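Here is a friendly briefing to read alongside the model. Take a look at the structure first, then follow the notes below.

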Amino acid sequence: MKKIMDNVEVNIEYAAFVWNKERSCYERIGQPADSIALAKKMFAEKCVDPFFDNYDKDDVIFMKRLVEIRTGDWEEFSY
C-alpha cells in the first residue's frame, strides 16, 4: 500500500522473525518486503541456509511496520 500526501510517502513493510535459541528472542531474518507473500517466499528461501542451525524454524512470526518518508521542498543554496 502506497499513498502520497503532502510530501509524505507511506509504505507498509513485512518481515519474518524467527526464534533464536541461543539468545532467547525473535530476530528479523532477511530484508523487509512490500507484501506478506514476498516476505514468506524470502523466508522459505533463507531457512534452508546452514546459518539457521541456531534458529527454531517452526517458531516464525511475520510482522508489519509502517514506513513514512517525508520530503521537503527543494531550495537553492550556495557552496
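## Cysteines and the core

The sulfur of C25 lies 19 Å from the closest cysteine sulfur, that of C47, which is too far for a bond. A disulfide here means a pair of cysteine sulfur atoms within 2.5 Å, and a search of the whole structure finds zero of them. Please keep in mind that this is a predicted model, in which local features need pLDDT of at least 70, side-chain atom pairs count only at pLDDT 80 or more, and totals for chains, interfaces and linings use all residues. Residues are numbered from 1 along each chain as its sequence is written, and side-chain values use heavy atoms, with hydrogens and water left out.

**The two cysteines**

- C25 is partly exposed, as its relative accessible area is 28%; on this scale buried means under 20%, exposed over 50% and partly exposed in between, with a 1.4 Å probe and protein chains only.
- C47 counts as buried because its relative accessibility is 16%.
- C47 touches F52 and K57, leaving out residues up to four places away in sequence; a contact means heavy atoms within 4.5 Å.
- Which residues make up the largest nonpolar core? There are seven: A16, V18, I29, F43, C47, F52 and Y55.
- Such a core is a set of buried Ala, Val, Leu, Ile, Met, Phe, Trp, Tyr and Cys residues joined through side-chain atoms within 4.5 Å.

**Aromatic rings**

- A pair of aromatic rings is described by the distance of the centres and the angle of the planes.
- Rings of Phe, Tyr and Trp (its six-membered ring) pair if their centres lie within 6.5 Å; planes under 30 degrees apart count as stacked, over 60 as edge-to-face and the rest as tilted.
- The structure holds five aromatic pairs.
- One of these joins W19 and Y26 edge-to-face, at 4.9 Å centre to centre and with 75° between the planes.
- W19 counts as partly exposed because its relative accessibility is 26%, and Y26 is partly exposed too, with a relative accessible area of 34%.
- F43 and F52 are also an edge-to-face pair, because their ring centres are 6.1 Å apart and their planes stand at 65°.
- Are F43 and F52 buried or exposed? F43 is buried at 11% relative accessibility, and F52 is buried with a relative accessible area of 1%.
- F43 and F52 belong to one aromatic cluster together with Y55 and F62.
- F62 has a charge over its ring: the charged end of K40 sits 5.9 Å from the ring centre. For this, NZ of Lys or CZ of Arg must be within 6 Å of the ring centre and within 35 degrees of the ring normal.

- Strand β2 covers residues 8-20 and includes N20; helices (H or I, at least four residues) and strands (E, at least two) are DSSP runs, numbered from the N terminus.
- N20 counts as buried because its relative accessibility is 4%.
- Beyond four places in sequence, N20 touches C25, E27, N54 and Y55.
- E13 is also in strand β2, and its side chain makes a polar contact of 2.8 Å with the side chain of R65.
- A polar contact is a pair of N or O atoms within 3.5 Å; within protein, one must be able to donate a hydrogen and the other to accept it, and residues adjacent in sequence count only if both atoms are side-chain atoms.
- Among the other residues that E13 touches are P32, A33 and M63.

- P32 is in strand β3, residues 25-33, and is partly exposed with a relative accessible area of 24%.
- The C-alpha atoms of P32 and E13 are separated by 5.7 Å, although the two residues are 19 residues apart along the chain.
- P32 is in contact with E13, Y14, A15 and R65, leaving aside neighbours within four places in sequence.
- S24 lies in the loop between β2 and β3 and has a positive phi of about 55° although it is not a glycine.
- S24 is partly exposed, with a relative accessible area of 47%.
- I36 lies in helix α1, residues 36-46, and counts as partly exposed at 35% relative accessibility.
- Y14 and F62 are touched by I36, not counting residues up to four places away in sequence.
- I36 and E75 are 39 residues apart in sequence and 38 Å apart in space, C-alpha to C-alpha.
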